[in-house]
Amino acid sequence: MPEKNPRKDIHIYEPQEGQEAISRLLALLSGKERLELENFSMEVGNFEFWIPTGSPAAPQGLPAVSQKPTALLAETFFPHKEEFVGRIHEVNLGATKAGGGSRGKTLVIGGSTYPPFVSADHPAPRPPVFALDVFDMETQLPRVLMENVKDVISDPAEWAKMNVKKYGADMITVHLMSTDPLIRDASPEAAAKTVEEVLQAVDVPLIIGGCGDPKKDAQVFTKVSEVADGERLLLNSVTLGMTETKTLDVVARSAKEHNHAVLGFTGLELNKAKELNRRLYEYLPHEDIVMDLTTVALGYGLEYSFTIHERARHAALMGDTELQHPTISASTNAWAAREAWMKMDKKYGSRGLRGPLWETINALTLLLAGVDIFMMMHPAAIRTCKDTIRMFAEKDAPVPDGIARWATMKI
């Protein structure tokens, strides 16, 4: 309870009495935490009345501030040290002649034991890899993409060769769109022939994308697995929907028989991802499984994709064995956002810059969540991502000049 003091009246009738009255008031307030006014009235003209809320002296242990600070206080940051019990499985993609394939080089993804880019004492075991897309039939693309591939768009093998030699792709994704029953309904044999041609044109590992129809994809993946026996392809993708058509086991058995890896696709739901992985464990070792948790474009839910990927990676590192698999991001989904390609130059700037930026932001966002493979389309987006990764990997990388201006500039 506040201390009760005897009633003390203060009357001020003349201006010259003001200073004395203020001194008396300060004496009354000294050491008190609470002030109660009863029957209070005041008639003033041009008058300033100030009641201090505490002692004018500086708090104990802190120097008195005589002027506005001109710089931040120097302080040392000691990062929290944390160890994780889990580890992401390593998956080998591509096989050289010694391994039963024909690739000039192979890739290993996974192996992480720590969240990405958090601690210089726990660098990633290897950088992410980048795959550029190739389609097995001519398709409509935004103009800024078409400019790079218009001369090879009707020839998947030449398209793949250009992506590797000119744009530095680590892998090639072959999208077998023509096999879609609602488009051309191309046969599994025709699809396998396209894959053979691409294998002969480049010596990097391949990702083989289906059309999304569970029954047709099962037929295509089975044939492609057989024709590319030993090449260690990544089959993109298997889904829980294949269990309803009883084709999941067909694809998984074929991948196992011919030494390929599979990509399990689920839509932004970790419980579904875990369920799909459990079903795949019946046929494949953990080292043959990669997860696609879904990538949504900037402006259409990218933050949710990031959250799902980050949760999956942290859960895996903390010991969830059903999520300890490398992940992939279809960053090309950025081109599904109208802001990436529509003619809105007056409002959003040039499409020639806007589209690649949209794809780059998609990839860099999920890079921070630990994604191991990026499927992309624009060469400038890949180049920017690779440069950023190299900068992150440098322990004392200099901050680029003008970065504050860049962050606030308008396109």
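## First stop: strand 4

Select strand 4, where both faces are covered: M171, T173 and H175 are buried on one side, and I172 and V174 are buried on the other. Five of the five residues of this strand are buried, so strand 4 is largely enclosed by the rest of the structure. Please note at this point that the model is a predicted one.

Strand 4 (residues 171-175) and strand 5 run parallel and are joined by four bridges. Within this pairing, T173 stands opposite I207 of strand 5.

## Second stop: the whole sheet

In general, the strands of a sheet pair through backbone hydrogen bonds, in either a parallel or an antiparallel manner.

Remain on helix 13 and show the side chains of D387 and R390. These two residues form a salt bridge, with their closest N and O atoms 2.3 Å apart. Both belong to helix 13 (residues 379-393) and are three residues apart, about one turn of the helix. D387 is partly exposed, at a relative accessible area of 40%, and R390 is likewise partly exposed, at 49%.

Elsewhere, select K274, R278, D320 and E322 together: salt bridges that share partners join these four residues into one network.

Select helix 8 and show R279 and E275. Their side chains meet in a salt bridge, with an N to O distance of 3.4 Å. The two residues are four apart in helix 8 (residues 270-281), and are therefore separated by about one helical turn. R279 is partly exposed, with a relative accessible area of 34%, and E275 is partly exposed as well, with a relative accessibility of 24%.

Now select R126 and E90, whose side chains meet in a salt bridge at 3.2 Å, N to O. Which parts of the chain does this pair tie together? R126 lies in the loop between strand 2 (107-109) and strand 3 (129-135), whereas E90 lies in the loop between helix 1 (18-29) and strand 1 (91-93), so the pair ties together parts that are 36 residues apart in sequence. R126 is partly exposed, with a relative accessible area of 28%; E90 is partly exposed, also with a value of 28%. The count of salt bridges comes to 15.

Select helix 12 (residues 351-367), which has 17 residues. From its first C-alpha to its last, helix 12 reaches 24 Å, close to the 24 Å expected at 1.5 Å a residue.

Which residues of helix 12 are buried? They are R351, R354, G355, P356, W358, E359, T360, N362, A363, L366 and L367. At the start of this helix, show S350 and G352: a side-chain oxygen of S350 reaches to within 3.1 Å of the backbone nitrogen of G352.

## Last stop: the whole chain

Finally, clear the selection and display the complete chain. Its secondary structure comes to 14 helices and 10 strands. The chain has 411 residues, of which 43% count as buried. Among contacts in the chain with a separation of 6 or more, 72% are accounted for by residues 24 or more positions apart.

How values were computed:
Residues are numbered from 1 along each chain as its sequence is written. This is a predicted model: local features need pLDDT of at least 70, side-chain atom pairs count only at pLDDT 80 or more; totals for chains, interfaces and linings use all residues. Side-chain values use heavy atoms; hydrogens and water are left out. Buried means under 20% relative accessible area, exposed over 50%, partly exposed in between (1.4 Å probe, protein chains only). Two strands pair if DSSP finds at least two bridges between them. The expected span of a helix is 1.5 Å times one less than its number of residues. A polar contact is a pair of N or O atoms within 3.5 Å; within protein, one must be able to donate a hydrogen and the other to accept it, and residues adjacent in sequence count only if both atoms are side-chain atoms. Contact means heavy atoms within 4.5 Å.
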